[in-house]
Amino acid sequence: TIAGEEGTGWRDSWGPLTDYSTGGVSALTACCTCGGGCYDDPPGWTDIYGVTCDEYASNAWCSSDGSTGEGWQQEWGSVEQFGRSGRNAFTACCECGGGSTNTPTLANKP
């Protein structure tokens, strides 16, 4: 839906729509009429421990306003220190206030 939620035709037995993501991009983030239009940048970004944008969001480690979420523990330090290749969850992940509205490019185009 435009609110970024699964529509009335989505069946619970299918699981969450985000399970059908490719490279960190699901219909909820890519489809403008589904409330999206943002892409994780770079697609498939992970932190230094291999944690994905979807995991940051589902664990409530970040908020869409670019701040730490309720699930983030202060003793872990800052989200930024877990960044990789100059990007951290706040800059790479749509769910964390980052990402890009530009169409993602795939590294392995034929």
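Guide: Take T46, which is buried, with a relative accessible area of 17%. Buried means under 20% relative accessible area, exposed means over 50%, and partly exposed lies in between, using a 1.4 Å probe and protein chains only. This is a predicted model, in which local features need pLDDT of at least 70 and side-chain atom pairs count only at pLDDT 80 or more, while totals for chains, interfaces and linings use all residues. Residues are numbered from 1 along each chain as its sequence is written, and side-chain values use heavy atoms, with hydrogens and water left out.

Visitor: Where is T46 found, and what is it in contact with, leaving aside neighbours within four places in sequence?

Guide: T46 sits in the loop between α1 and α2. Helices are DSSP runs of H or I of at least four residues, strands are runs of E of at least two, and both are numbered from the N terminus. Contact means heavy atoms within 4.5 Å. Beyond neighbours within four places in sequence, T46 is in contact with V51, T52 and R84. With R84, the side chain of T46 makes a side-chain polar contact at 2.9 Å. A polar contact is a pair of N or O atoms within 3.5 Å; within protein, one must be able to donate a hydrogen and the other to accept it, and residues adjacent in sequence count only if both atoms are side-chain atoms.

Visitor: Is V51 buried or exposed?

Guide: V51 is buried, at 14% relative accessible area, and lies in the loop between α1 and α2. Not counting residues up to four places away in sequence, V51 touches W45, T46, Y56 and W61. V51 and A89 are 38 residues apart along the chain, with 9.6 Å between their C-alpha atoms.

Visitor: How many salt bridges does the structure hold?

Guide: Side chains of opposite charge can pair when their charged atoms come close. A salt bridge is a side-chain nitrogen of Lys or Arg within 4 Å of a carboxyl oxygen of Asp or Glu. The structure holds one: R87 pairs with D41, with the closest N and O atoms 3.9 Å apart. R87 lies in the loop between α2 and α3 and D41 in the loop between α1 and α2, so the pair ties together parts that are 46 residues apart in sequence. R87 is partly exposed, at 25% relative accessible area, and D41 is also partly exposed, at 29%.

Visitor: What is the nearest side chain of opposite charge to D40, and how far away is it?

Guide: For charge, Lys and Arg count as positive and Asp and Glu as negative; His and the chain ends are not counted. The nearest side chain of opposite charge to D40 is R87, 8.7 Å away; D40 is buried and has no salt bridge. The side chain of D40 does reach the backbone nitrogen of C94, at 3.0 Å.

Visitor: What does the protein chain contain as a whole?

Guide: The protein chain has three helices and zero strands. Of its 110 residues, 29% count as buried.
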